[in-house]
Amino acid sequence: MRRFLCFFFCASLAVTAADLFREDFSKFPPGWLSTPIGLLNGAIQEYHYIAYRGTPTAPWRNPIAHEDAWLISHESGAPYIEQHTIVTDSRYHPLFITGDEEWANYTVEARVRPLQKEDKAGNVAGIVFRYRTSRHYYHFAFVRGNAVELALRLPEDREFRKSEWKVLATKSFAYDTTRYYALRVENDGPNMRAFIDGQLILEASDNQILKGEAGLTATRPARFMQFHVTAADPALQQITGRIRTREAELSKLRAANPQPKLWKKFDTPGWGAGRNVRFGDLDGDGRVDMLFAQNIPKVIGDAFDTIVGLTAVTLDGKIIWQQGRFNPALGLVTNDDPFQIYDHDGDGKNEVILVRDFQLQVLDGRTGEIRKRAPMPKALPNNRDMLPYEFNSGDAIAFVNLSGGPHAKEILLKDRYRGFWIYDANLNFLWEGRAQTGHYPYPMDIDGDGRQEFVIGYGMWNHQRKPLWSFDEKMRDHPDAISIGNFSGDPNGPIRTYICGSDEGFVVIERDGRIFKQLRIGHTQTQSVGRYVPERKGLQLMIANFWRNPGIVTLLDHNANILAQREMTPGSTHLAPVNWRGDGQEFALLSGNIREGGMVDGQLRRVVMFPNDGHPDLAYHVADVTGDARDEIILWDKKRVWIYTQYRPAQTQTVYKPRRNPDFNDSNYRATVSLPQR
């Protein structure tokens, strides 16, 4: 990965001219390299930035960031790294990766000791090379307890939850679990030669990936020692040259963009939160405020949360009002909390609408006082068939315009993931629906009648209380992020629904309910839509993966053709569009981290980076809060908030100002859609 460039080419060149990298694992302390989350779960990394949990591993990384697969110890005084888990899920293999995407024509070797000989197809232990993502790499490995193979992991699957592999060469090999074997792969263009203990075992040729990182892999317990990557001097010079060219280009791109400048910051002592915040004008002064919520996870940690503390605060850090009790340990969530800021009654003043204590409540935005309340409906069993409470505790709130008025009055409440309920502006219950609801709906007036349709789950519903089409019965994993629109750039182009369908991949559905395309590119989690490549007609979609292949970012056009793909960050990311320059070029924000974050362009290059000034980077929000049409970046963790703007005025006479889906329909799972002004 790029972030470790100096380590490899400043430190390793001091060893010998042909060394790319050496590792004996002695620098790591004994024990697990990552620690379990605890009360919450790995989903915390779906929309929070967490560099690592436990021991810093740079220049290595664990691509399957939600798993705790790797530990350090020693054998007969020699340090080793061990993959200590048993993985029977064929969708992924544990990985430990290092290097740079420009590595090519290199030799990688390591001492490998398999610790289990189970005769099953999923039993793998070996070395990885030409690595691009956790869904696209080669391995040379012991397999099935009795063989070795050279194989390529293919990035797109044909079947649900079944990984695609291309076996290039295989051979019977009766390996022993009591000893280490020296595995080595020599790469020469498309050609690869695989050795065990110095003896040539397999040869193959494949040109799908010609360069990439290297590392270790195992699906059953296995130990590894003495990892070493070398390249002949000409190959080393070419690698170094390509990296220098890339870094020079990046430096030039970054210099051409406005640099982030700290605008405001304030502390959130005791009442802060992670990505459990809403944005809107609460005190009526016309400026954006923040509303922090703390919660108690109950029963299973991510389906029955209760909001226990609310803090309304200005962007100067002045508390507008607080209610409830506070505990910093209750600031994080691995789901949605049901609360929004919205002028629900249309009087020009925002309210806070939330679910709390089995009630749907409307609070005065200026004071937090309860104006209205209504009981929640009877609960349905949740996604794990649990029914701990008689009444629904709420999962998410969205506002939809089903009555055709000037603004959205109807309230859509949903659970996790069986049903939804519609209420009117006076909190009167209207109707309910059953669906594979997924995480968050997307409303849009599709037919132009002034009333919105909405997609929830894999179905589109209208004001007549019925689905126009639905694939809830066909799809076997729930939707995460959903967008709807004509993103073609042609006013007469197709209106389509774009769904990140978890393990169903990326699903595109035509207006009439026909599936246009389905890409099984892993567990698609988040998405955004923006002008990421302004020289192309229309808008582009950017999506990020999470479970079993986190951090893979894919850019697509409106026809779901892949334009670029790269593994870019631990965990997942919202990829929020950023109108940073004001000239019509939008970037997508990964995170506020100074190495693994920043804003990326349509070629997935990190073209804007944040200063190394100690700012928080757990969570972020993108919005124009200074009023110049360009976006600011609000970064925060549980203790403080920092806000960045541009260090210089816009360089264009007319500043681009996109239209975005409203903040009153906010969610940890929503797709952010950024459209040009009409």
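## A tour of the chain

The model is a predicted one.

The chain has two helices and 49 strands. Its radius of gyration is 26 Å, close to the 26 Å that the globule rule gives for 678 residues, so the chain is as compact as a globular protein of that length. Along the principal axes, the C-alpha trace spans about 80 × 55 × 50 Å.

Of the contacts between residues at least 6 apart in sequence, 60% join residues at least 24 apart.

Now colour by pLDDT. The chain has a mean of 95, with 97% of its residues reaching 70 or more. Select residues 1-17, where the pLDDT is below 50; beyond near neighbours in sequence, this stretch has 49 contacts in the model. Where pLDDT is low, predicted coordinates should not be read in detail.

Move on to an open sheet of six strands, ordered E40-E39-E38-E37-E49-E48 with mixed pairing. Its edge strands are E40 (562-567) and E48 (659-660), each of which pairs on one side only.

Within this sheet, select strand E38 (residues 540-545) and strand E39 (residues 552-556): the two run antiparallel and are joined by four bridges. Which residue in E39 is the bridge partner of Ala544? Zoom in on Ala544 to find Val553 as that partner. In general, strands of a sheet pair through backbone hydrogen bonds.

Note on methods: Residues numbered from 1 in each chain as written. Predicted model: local features only at pLDDT ≥ 70, side-chain atom pairs only at ≥ 80, totals over all residues. Heavy atoms only, no water. Pairing = 2+ DSSP bridges. pLDDT = per-residue confidence, 0-100. Contact = heavy atoms within 4.5 Å. Rg over C-alpha atoms; globule rule 2.2 N^0.38 Å.
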